[in-house]
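Good morning, and thank you for coming. Today I shall walk through one protein model, and I ask that you keep the sequence and the structure in view as I speak.

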Amino acid sequence: MQNKPEKRVPLRKCVGCGEMIGKKGAVRVVRDKDGNVSVDPTGKKSGRGAYICKDTKCLELAKKGRKLERSFKCQISAEIYDIIAKELTEDQ
């Protein structure tokens, strides 16, 4: 029997801390073509995506540095940050 090659894990850069992390270890936030920003738990929504580590410290860094605003080139409401924080606490 042949050994199967190991699957390559897709890496994404956290907008908070800047570290490269596995796609499964991050929360994806997406902006669709209409400009709506939402959390994408499936990772399959179409649109511009940004990733945040599943760590509240990274979320605070992203919020303080306005990194999501910079990634999406639009304003991000406090509701979106609250939804991301809720998503992070559910995973832990």
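Let us begin with Arg-66, which is partly exposed because its relative accessible area is 43%, a value between the 20% limit for buried and the 50% limit for exposed. Please keep in mind that we are looking at a predicted model. Where does Arg-66 sit in the chain? The residue belongs to the loop between H1 and helix H2, the latter spanning 67–72. Its backbone also deserves attention: phi of Arg-66 is positive, near 55°, and this residue is not a glycine.

Lys-73 is found in the loop between H2 and H3. Here, too, phi is positive and near 55° in a residue other than glycine. Is Lys-73 buried or exposed? With a relative accessibility of 74%, Lys-73 counts as exposed.

I now turn to helix H1 itself, which comprises residues 56–64. Cys-58, Leu-59 and Ala-62 are buried in this helix. They lie on the same side of H1, because the arc they cover around the axis is only 100°. The other side of H1 carries Lys-57 and Lys-64, which are exposed. For Lys-64, the relative accessibility is 74%, and so this residue counts as exposed. Which distance separates Lys-64 from Gly-16? Their C-alpha atoms are 9.1 Å apart in space, although the two residues are 48 apart in sequence.

Next comes the sheet. It is open and has three strands in the order S4-S3-S5, paired in the antiparallel sense. Strand S4, residues 37–40, and strand S5, residues 48–53, stand at the edges; each has a single partner strand, and therefore one side of each has no neighbour in the sheet. On average, neighbouring strands here are turned by 30° against each other, with direction ignored.

Let us take the pairings one at a time. S3, residues 26–31, is antiparallel to S4, and four bridges connect them. Within this pairing, Val-29 stands opposite Val-39 of S4, and Arg-31 has Val-37 of S4 as its bridge partner. The two strands form a hairpin with five residues between them. In its turn, Gly-35 has a positive phi of about 90°.

On to the other pairing. How many bridges join S3 to S5? There are six, and these strands run antiparallel. As one example, Val-27 has Ile-52 in S5 as its bridge partner. Why can S5 be called largely enclosed by the rest of the structure? The reason is that five of its six residues are buried. As a general point for those new to the subject, side chains in a regular strand alternate between the two faces of the sheet.

Finally, I come to the largest pocket, which holds about 250 Å³ of space. Its lining has 14 residues, and those closest to the centre are Lys-23, Ala-26, Pro-41, Thr-42 and Gly-43. The elements that each contribute two or more lining residues are S3, S4 and helix H3, which spans 78–91. S3 provides the largest share, with three residues.

Thank you for your attention.

Conventions
Residues numbered from 1 in each chain as written. Predicted model: local features only at pLDDT ≥ 70, side-chain atom pairs only at ≥ 80, totals over all residues. Heavy atoms only, no water. Pairing = 2+ DSSP bridges. Axes fitted to C-alpha atoms, helices over the stretch in contact; angles between N-to-C directions. Buried < 20%, exposed > 50% of the residue type's maximum accessible area, 1.4 Å probe, protein only. Arc of directions from axis to C-beta. 1 Å grid on protein atoms, 1.4 Å probe; cavity = no way out; pocket = protein on both sides within 12 Å on 5 of 7 lines; lining within 4 Å. Points joined across faces, edges and corners; volume = space filled by probe spheres on them.
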